[in-house]
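This report goes through one structural model, turning from one chain as a whole to confidence, to a single residue and to the way the chains meet.

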Amino acid sequence: MTPILLIEQVLNGLQSGITLFLMAAGLTLIFGVMGLINLAHGSLYMIGAFAAAAVAGWTGSFVLALGAALAAAAAAGMIIEMVVIRRLYDRDHLDQVLATFALILIFSEGTRWLFGSFPLYLDVPAALSGPVTLPGGILYPSYRLLIIVIGLLIAVGLFQLIARTRIGIQIRAGESDREMIAALGVDISRLYTIVFALGAALAGLAGALVGAIQSVQVGMGEPVLILAFVVIVIGGIGSIKGALVGALLVGLTDTLGGVLLPLLFGLFMDPSSATTIGSALASMSIYILMALVLLFRPTGLYGRA
Amino acid sequence: MTEPLLHVDGLHKAFGALQATDGVTLALMPGEIHALIGPNGAGKSTLIKQIAGGLAPDAGRVWFKGRDVTALSTQARARAGLARTFQISSLAMEATVLQNAVLGAMGRAGSVWRFLRPVMHDAELVAQAQAALQRVGLADHAATRTAELSHGQRRLLEVAVALTLKPHAFVMDEPMAGLGASGSKRMTTFLDGLRREAPILLVEHDMDAVFALADRISVLVYGKIIATGTADEIRADPQVRTAYLGEEDAA
Amino acid sequence: MRRETILNTLLYLAMPVAAGLAFVMGETFLITLITRAAIFALAAVGLNLALGLGGLVSLGHAAFFGIGGYAMGILAHHAQTYTPIMDTWFVLEGTKSMPVIWLVAIASSALAALAIGALSLRTSGVYFIMITLAFGQMFYYFAISWPAYGGEDGLSIYVRNDFPGLNTLDPMQFFALVFAILSGVLWWMGRLARAPFGLALSAARQNAERVETVGLGPFRLRLVAFVISGAVTGLAGALFADLNRFVSPTMFSWQMSGEFIVFIVLGGVGRLFGPVAGAMLFVLLEHLLSPVSDFWLIYVGTILLLVVLFARGGLIGSLAGREVAHD
């Protein structure tokens with residue numbers, strides 16, 4: 001494999017990692033602040049993608065499509081938080097799993113009912129459809145590069161939000177002592193709604209960004225949701241930094257494993273069985289990574305013991 | 001001189017800058033009740049956890065029956081014969097009182113890997129459990145759901161479960177709390193007799209009980225044992241008076 | 001008799017009575033449907049040991065269901081194509097014998113449960129949920145990417161496997177076989193809950209500290225429960241594959257794991273017959289609603305949401321009262 005190809009794969013890994021981060025950041029915040037496990041986070045990802053595809057279809061504008069994704073997912077997040085989720089904060093994890101599983105069924109089937117079972121396609125804007133030349137003469141799709149840049153900007157923004165702003169202070173306080181910040185006069189239920197909507201918006205944005213590379217269809221959210229869970233287990237629950245590191249690790253392992261493992265097995269095997277075994281193992285690689293982290297750090301890389 | 005049954009040697013535990021346990025050395029001799037007292041926040045609970053299991057000290061050793069148990073888990077220490085009761089009752093709340101006691105008898109017998117015969121049909125385990133309930137006066141409540149017990153009764157059940165283990169030493173964290181005056185008195189009489197079966201390391205806030213029962217008392221302040229001695233020695237100790245009564249009164 | 005006992009008896013009898021009626025009316029399709037409910041019930045009864053008694057919310061039990069299914073698929077596939085599974089060091093042939101297939105299904109899913117359990121029980125709470133879900137997904141992707149046994153398309157078995165003395169292709173006889181297994185497992189689970197192991201496991205769910213202080217290790221209790229639980233669900237997977245004469249990666253899907261939990265909660269968590277009631281209700285809903293609307297899962301989702309938010313205790317809980325049985 002040429003170095004150029006390898007760099008290209010590394011960039012692909014970064015791109016998939018950074019979209020995973022957008023999912024995992026919201027999940028880990030919601031868990032850290034409200035103690036809630038939200039299986040329906042994948043539905044918010046799907047809602048973002050569908051909203052983007054629909055608006056891009058009507059208007060032809062990709063920017064409007066992204067805006068629609070953010071707005072639709074945030075609105076959906078706010079509504080389910082106020083109608084369903086807030087009844088679950090004091091419940092055990094089993095009830096949370098069940099109720100948000102029910103939400104997945106409702107959202108998935110509802111979307112199928114509205115948009116049908118066939119995938120929609122969201123086109124990459126014309127200006128971004130070509131490649132850019134990176135230093136060293138590497139040609140890389142400019143849209144994928146844009147995803148990496150947007151994701152990194154959001155990561156920086158999120159760190160700033162948590163470290164610097166009023167709401168960030170409330171979020172950090174809410175993670176350590178719920179009753180105390182309520183006693184200090186912070187409107188807890190409003191804070192929770194905001195955090196949930198923020199997480200939802202990030203998921204929706206991720207869905208829209210990825211929707212332009214893959215197809216937009218019902219059920220697209222859950223595989224990403226489960227990957228985001230792997231990210232959180234690796235990074236540690238409640239840690240944004242852990243989510244970022246975990247997401248990049250998972251994205252790189254998944255992408256590079258798929259390319260490198262068959263090559264590796266090809267060194268001492270015939271090509272066809274090398275491809276078979278290599279790609280089968282690659283499909284397991286991130287879970288093996290998770291198992292290793294669990295063996296040595298059961299609470300994740302940045303998790304509190 | 002007889003060997004101590006339980007021996008804590010130079011125990012240190014810090015949480016960040018806070019030295020919760022600061023070089024504690026303590027011995028529990030056969031047949032004695034050794035009371036551990038100290039103001040709130042002195043680090044009694046932290047110390048108990050390091051002795052009974054559940055919290056690893058930063059430095060120092062815990063010896064039990066001549067064996068270093070510092071690295072052992074809570075359950076291994078329990079199997080070795082160290083029984084513990086909790087300050088905040090730690091029971092299976094949905095189970096009946098009798099079932100909680102049977103659980104203890106089961107742990108003592110080590111007969112948990114049985115998958116067919118109902119445990120409540122095991123005459124021997126049930127008899128042991130009932131005997132323990134009888135001793136603490138809970139026999140009438142055997143069939144009650146544990147969640148329905150009063151706080152004081154839960155305390156008694158904690159002690160009953162500890163009894164089913166037929167332990168070599170007890171570590172009891174405030175067994176009198178919530179018992180009321182007459183309950184406290186009965187518990188005092190009971191513990192008084194119990195020391196002949198196995199010595200007791202007793203953490204207690206009820207000073208009447210402590211001074212009535214304890215062969216020796218250790219006073220823990222800011223993670224340090226400032227005095228150990230008989231009730232009279234402790235009463236007379238100027239450092240203890242300072243710790244409890246403040247500087248001026250001691251002067 | 002207590003209300004729950006009466007209810008359990010009715011639930012238990014409902015399946016054979018319904019199957020008998022369907023047999024008399026010649027409605028073979030209905031018998032197959034009831035068999036399906038019985039197999040789902042078995043899978044969820046397995047999960048209920050970990051979830052109900054042990055308090056371990058496993059969202060990855062489809063892994064064991066799928067392993068059981070593929071144990072059947074692989075053994076039968078080699079038998080029907082007359083190719084050995086392995087002939088490198090010694091020859092290992094496939095088989096069409098159900099008892100052998102079941103043993104392999106139980107052993108392999110127990111082994112997988114041991115590995116997954118040993119890793120995921122190092123954590124608890126929400127970590128445990130996410131990790132079991134992730135490991136389940138790992139098997140799903142592995143099944144898809146491993147081409148030897150059909151990959152994404154799965155494996156078809158032409159003729160149902162054999163059981164000595166029975167014509168398993170006859171729906172009624174196959175139902176009887178499944179129902180006998182379900183009965184046996186239910187009986188055992190009822191005993192298990194009251195046996196020393198069950199008391200200790202349930203105490204570890206209520207208060208792990210208590211169990212430690214009497215000298216028992218919660219980790220080992222939970223691991224053993226998880227292994228038994230996975231093995232039972234694996235057995236159900238082998239039966240499910242035989243019912244459909246088909247296995248595919250869908251058996252490994254996370255939706256499957258989710259549905260097992262739904263069966264338990266619809267019926268009532270921690271109750272012996274909860275999974276039976278839940279699986280019957282689910283299959284009934286599927287049967288009644290799917291002709292009405294292509295989007296029948298919306299209704300299931302709504303019902304489930306209402307049950308979780310407002311009718312805690314599930315079907316049996318609502319009908320028999322909240323008090324959980326004590327011995």
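Chain B contains 10 helices and 10 strands, and, like everything described here, it belongs to a predicted model. The dimensions of its fold can be judged against a simple expectation: a compact globule of 251 residues would have a radius of gyration near 18 Å, and the 19 Å found for chain B agrees with this. The C-alpha trace of chain B spans about 65 × 40 × 40 Å along its principal axes.

Of the 251 residues in chain B, 54% are buried. When contacts in chain B between residues at least 6 apart in sequence are considered, 66% of them join residues at least 24 apart.

For chain C the mean pLDDT is 92, with 98% of the residues reaching 70 or more.

| Element of chain C | Residues | Mean pLDDT |
|---|---|---|
| Helix H13, lowest | 314-320 | 76 |
| Helix H9, highest | 218-244 | 98 |

Over residues 323-327 of chain C, pLDDT stays under 50, and for this stretch the model has 15 contacts beyond four places in sequence.

C:Leu155 lies in strand E1, which covers residues 155-156 of chain C. Is C:Leu155 buried or exposed? Its relative accessible area is 6%, and because buried means under 20%, C:Leu155 counts as buried. Apart from neighbours within four places in sequence, C:Leu155 is in contact with C:Gly73, C:Ile74 and C:His77, with C:Tyr149, and with C:Arg245, C:Phe246 and C:Val247. C:Val178, by comparison, is 23 residues from C:Leu155 in sequence, and the C-alpha atoms of these two residues are 22 Å apart in space.

The last topic is how the chains meet. Two pairs of chains touch, and the pair with the most contacts is chains A and C. Chain A and chain B, on the other hand, are joined by no contact, and their closest C-alpha atoms lie 13 Å apart.

Technical notes. Residues numbered from 1 in each chain as written. Chains lettered and ligands numbered in written order. Predicted model: local features only at pLDDT ≥ 70, side-chain atom pairs only at ≥ 80, totals over all residues. Heavy atoms only, no water. Helix = DSSP H or I, 4+ residues; strand = E, 2+ residues; numbered from the N terminus. Rg over C-alpha atoms; globule rule 2.2 N^0.38 Å. Buried < 20%, exposed > 50% of the residue type's maximum accessible area, 1.4 Å probe, protein only. Contact = heavy atoms within 4.5 Å. pLDDT = per-residue confidence, 0-100.
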